[in-house]
Amino acid sequence: MHFPTGLTNCEIIAGNRVLFIMAIEDEYGPHLRSRFTPLMTGVGPIEAAVTTSLALQHLHQQDALPDLAVSLGSAGSRTCQLGEVYQVASVSWRDMDASRLGFAKGVTPFIDHPVDLPLHTPLDLPTARLSTGANIVGGEEYALIDAEMVDMESFAIARACQRFAVPLMGLRGISDGPGELNDMLGWTKLLALLDEKLSHAVDMLVAHLGSRNLSP
């Protein structure tokens, strides 16, 4: 059943409020549609930060913050297997670079956060580190990134969740990476497969929550 909030919906799973967060409809296929209604953020870290923060603020005002948020969708990778789903072990922000002022690359100045923000990994699925940025990564650009996967939203979602003390986990299906990404087809051709595989991961989460108290 859905938890009505006006701005978004939390799913009630084994007595827990779970907020599923995705970027765009293209990644939200029939398998996932049969399981939950997500908060759609739009593409990129700014859209993700604004949308997630507004939604969590609204839920906070309703005294209905989620017990768990789940960011899911596609990711690029040059090392992870195409078409497979990974849990996000940690997420970093590849756009932030204040190293000229003595800050570590990836750390926001004057905010106490590590380069890699650890996320919850409660499922029996492989894990990989994720890098968030405002650019589409392809080809040799992967060599410049200290992470196994790339996306455009998760770090922003993680920071918004931190502000409201909401635990976050991430699930990413690998849609592209080896070789150069030249067009939309290079990204979309595996989305139907990833929709199915991500839905299986969601089923694993439902089973996990049903078998114990929420302890990602």
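Close-up 1. L54 counts as exposed because its relative accessible area is 52%; exposed means over 50%, buried under 20% and partly exposed in between, with a 1.4 Å probe and protein chains only. This is a predicted model: local features need pLDDT of at least 70, side-chain atom pairs count only at pLDDT 80 or more, and totals for chains, interfaces and linings use all residues. Residues are numbered from 1 along each chain as its sequence is written, and side-chain values use heavy atoms, with hydrogens and water left out. L54 sits in helix α2 (residues 45-61). Helices (H or I, at least four residues) and strands (E, at least two) are DSSP runs, numbered from the N terminus. Together with I46 and V50, L54 forms a nonpolar patch on the surface, with about 310 Å² of accessible area in total. Patch residues have over 30% relative accessible area and no salt bridge; nonpolar side chains (Val, Leu, Ile, Met, Phe, Trp, Tyr) are joined within 5 Å, like charges within 9 Å. Areas come from the Shrake-Rupley method with a 1.4 Å probe; for residues, only the protein chains shown count as cover. An α-helix has 3.6 residues a turn, so residues three or four places apart point the same way.

**Close-up 2. Helix α3 and its buried residues.** Helix α3 (residues 154-163) is largely enclosed by the rest of the structure, because 8 of its 10 residues are buried. The buried residues are S154, F155, A156, I157, A158, R159, A160 and C161.

Close-up 3. A165 counts as exposed because its relative accessibility is 68%. The C-alpha atoms of A165 and L65 lie 9.1 Å apart in space, while the two residues are 100 apart in sequence. D63 belongs to the loop between α2 and β5. Phi of D63 is near 55 degrees, a positive value in a residue other than glycine. At 67% relative accessibility, D63 is exposed.

**Close-up 4. The E25 and R33 salt bridge.** The structure holds 6 salt bridges. A salt bridge is a side-chain nitrogen of Lys or Arg within 4 Å of a carboxyl oxygen of Asp or Glu. One of them joins the side chains of E25 and R33, at 2.6 Å from N to O. E25 is partly exposed, at 45% relative accessibility. R33 is partly exposed too, with a relative accessible area of 45%.

**Close-up 5. K197 and E84, a link between distant parts of the chain.** K197 and E84 form a salt bridge, with the closest N and O atoms 2.7 Å apart. The pair connects distant parts of the chain, 113 residues apart: K197 is in helix α5 (residues 191-211), and E84 is in the loop between β5 (68-76) and β6. K197 is partly exposed, with a relative accessible area of 26%. E84 counts as partly exposed at 26% relative accessibility.

Close-up 6. R129 pairs with D146 in a salt bridge, the closest N and O atoms being 3.0 Å apart. This pair also links distant parts of the chain: R129 lies in strand β8 and D146 in the loop between β8 and β9 (149-151), 17 residues apart. R129 is partly exposed at 24% relative accessibility. D146 is exposed, with a relative accessible area of 56%. A network of salt bridges links R129, D146 and E148.

**Close-up 7. The second largest pocket.** The second largest pocket holds about 280 Å³ of space. Its lining has 15 residues, and R94, K105, L144, I145 and D146 are the closest to its centre. Two elements give two or more residues to the lining: β6 (85-93) and β8 (127-132). By class, the lining has 5 nonpolar, 4 polar and 6 charged residues. Ala, Val, Leu, Ile, Met, Phe, Trp, Tyr, Cys and Pro count as nonpolar, Asp, Glu, Lys and Arg as charged, and the others, Gly among them, as polar. On a 1 Å grid over the protein atoms alone, where a 1.4 Å probe fits, a pocket is an open set of points with protein on both sides within 12 Å along at least five of seven lines; lining residues have an atom within 4 Å of a point. Points are joined across faces, edges and corners, and the volume is the space filled by probe spheres set on them.
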